[in-house]
Amino acid sequence: MAIDEPALGTSGRPAVLLDRDGTVIVESNYLCDPAGVALETGAAAGLQVLAASGYVLAVITNQSGIARGRFGWAQTEMVNARVAALLKTAGVDIAGWFVCPHGPADGCACRKPRAGLALAAAAVLGLDLSRSWIVGDKQSDIAAADAVGARGVLMLTGHGGNHAAWARAAGHPVAATLHDAAGLILKTDAARVPGGDQRPLFRRGNVRPPARPAPR
Ligand SMILES: [Mg+2]
Ligand SMILES: [Zn+2]
């Protein structure tokens, strides 16, 4: 994962960090063929709404198929490029792609539910995670949001049906489509008090969002 210097003057931007499989595109276990990419219903429309509202859009995705030897980085990047191309056709730009290539037993810092992918996105893209969201179809996506002080939305697409009961019991919002998720995010953020420091309202647990890297 290449880490570039964050652009100056772009700190503190709110983002929606998106899981890929089962969230932006239809779940297809260990997808490694770009021809198999299909956007989820409502994905393009939902991401259009979020982009138009000023949210940075990035993808954070576990791809343990790489560690398992089922496919390589090149195939992963071809799939990502296909997703990006389909979204571009709909007028949606993905600002960054953050991939964990490790397996569950590797103990890496990036595999969701751990924080590494979101922290990398924040460092590269200059994000304020306390004003950001993570959207995904598994408990591990929502737990990653908790780990970085962001908020989570559980999608009912992909594997979401298996995680919805947990999400509801834990007080996390659920959404049937990314278009619904976008509406939920906008409605929630619009309810915040203008001009106030909203961070404590949305912080869960004791993990603080990362400090912004100092410009130089
Ligand atoms: Mg997923
Ligand atoms: Zn990893």
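1. In strand β4 (residues 133-136), I134 is the bridge partner of L17, and β4 pairs with β1 in the parallel sense over three bridges, where pairing requires that DSSP finds at least two bridges between the strands. The model is predicted, with local features needing pLDDT of at least 70 and side-chain atom pairs counting only at pLDDT 80 or more, whereas totals for chains, interfaces and linings use all residues. Residues are numbered from 1 along each chain as its sequence is written, while chains are lettered from A and ligands numbered from 1 in the order in which they are written.

2. Strand β1 (residues 15-18) directs A15 and L17 one way and V16 and L18 the other way, and all are buried, that is, with 20 or more other C-beta atoms, placed from the backbone, within 10 Å of their own.

3. β1 also pairs in the parallel sense with strand β2 (residues 56-62), over four bridges, and A15 stands opposite V56 there. The chain passes from β1 through α1 to β2 in a right-handed β-α-β crossover, meaning that the path from the first strand over the helix to the second runs clockwise with the strands pointing away from the viewer.

4. Helix α1 (residues 43-52) packs against helix α7 (residues 178-190) at an angle of about 20°, with their axes 7 Å apart; the two are therefore roughly parallel to each other, a term for angles under 35 degrees. The contact includes A43 and L47 of α1 and L178 and I185 of α7, contact being C-beta atoms, placed from the backbone, within 7 Å.

Methods. Axes are lines fitted to C-alpha atoms, for helices over the stretch in contact, and angles run from 0 to 180 degrees between N-to-C directions. Angles under 35 degrees count as roughly parallel, over 145 as roughly antiparallel, 65 to 115 as roughly perpendicular and the rest as oblique. Two residues are in contact if their C-beta atoms, placed from the backbone, lie within 7 Å. A residue is buried if 20 or more other C-beta atoms lie within 10 Å of its own, exposed if 12 or fewer, and partly exposed in between; C-beta atoms are placed from the backbone.
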